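Me: I am new to this structure and would like to understand the words used to describe it. Could you take me through them with care?

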Amino acid sequence: MNAPEPVFRLIYASRMSPECVALPDDTLTAILNVAVPNNRRLDVTGLLIAHQGWFLQALEGREATVRGLYDAISADPRHHDAALIAEGRQGERRFGAWTMCARTLSRTDQAVLATLDRKASFDPTLFPERTVMRLLITVGDVHARELDAQQARAAAASGLVTQ
């Protein structure tokens, strides 16, 4: 019997196109409508955050699959200047509850951001990997119920049965 392939995690940040900045919630809905069924088929999980003109995302799955998705995302006109923040094999999935969930950070999330980084501006490409992971994990933990419901809605909209 073959041992299971280790989980590969890739975290990147990209600048949002002007159209995405103008309508971030609509953009995230459009991304989810495609990503949820696609990622379920590919066995990819992850979390996407939108904030101050930035996308910040963690993707988990098979290495070749995750790298292929990152290449496609980098070519997507909604994403500009994609920058790899971290990549590598992991013992387990951290965002395994969601084939893809997304959140626009709100004023209530400002306290989270303030504790992670004291800079006045939000530029995830300047954050250490550890800080980026803490941010993603904290947002996932704080908003887990909302993200679970979002996952169910996106799966239902695409005709998938939730797990």
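Reply: What follows goes through the sheet, the cores and the salt bridges of this predicted model.

Me: What makes E4 and E5 the strands at the edges of the sheet?

Reply: The sheet is open and consists of 5 strands in the order E4-E1-E3-E2-E5, with mixed pairing. Strand E4 (79–90) and strand E5 (101–104) each have a single partner strand, so one side of each has no neighbour in the sheet, and that is what places them at the edges. From one strand to the next, the twist averages 15°.

Me: How do you know that E2 and E3 are paired?

Reply: Two strands count as a pair if at least two bridges are found between them, and strand E2 (residues 45–51) is joined to strand E3 (residues 54–61) by 7 bridges, with the two running antiparallel.

Me: Why is a group of residues called a nonpolar core?

Reply: The name applies because its members are buried residues of the nonpolar kinds, joined through side-chain atoms within 4.5 Å. The largest such core here has 23 residues, and Tyr12, Leu48, Phe55, Leu59 and Met100 are those with the most contacts inside it. Two or more residues come from each of E1, helix H2 (24–42), E2, E3, helix H3 (63–75) and H6, and the largest share, 5 residues, comes from H2. A second, separate core of 21 residues includes Ala86, Leu105, Phe122 and Phe127. In soluble globular proteins, nonpolar side chains tend to be buried together.

Me: What is Met100 in contact with, leaving aside its neighbours within four places in sequence?

Reply: Its contacts include Leu32, Ala35, Val36 and Asn39, and also Gly46, Leu47 and Leu48. Gln57, Leu59 and Gln151 are on the list as well.

Me: How do you know that Arg67 and Glu63 form a salt bridge?

Reply: The cut-off is 4 Å between a side-chain nitrogen of Lys or Arg and a carboxyl oxygen of Asp or Glu, and the closest N and O atoms of Arg67 and Glu63 are 2.9 Å apart, so the pair meets the rule. The two residues are 4 apart in helix H3, which means that about one helical turn separates them. By this rule the count comes to 8 salt bridges.

Me: Why is Arg67 called partly exposed?

Reply: Buried means under 20% relative accessible area and exposed means over 50%, so Arg67 at 33% falls in between. Glu63, at 22%, is partly exposed too.

Me: What makes the salt bridge of Glu87 and Arg67 a tie between parts of the chain?

Reply: Their side chains meet at 2.7 Å, N to O. Glu87 lies in strand E4 and Arg67 in helix H3, so the pair ties together parts that are 20 residues apart in sequence. Glu63, Arg67, Glu87 and Arg89 are linked in a network of salt bridges.

Methods:
Residues are numbered from 1 along each chain as its sequence is written. This is a predicted model: local features need pLDDT of at least 70, side-chain atom pairs count only at pLDDT 80 or more; totals for chains, interfaces and linings use all residues. Side-chain values use heavy atoms; hydrogens and water are left out. Axes are lines fitted to C-alpha atoms, for helices over the stretch in contact, and angles run from 0 to 180 degrees between N-to-C directions. Buried means under 20% relative accessible area, exposed over 50%, partly exposed in between (1.4 Å probe, protein chains only). Contact means heavy atoms within 4.5 Å.
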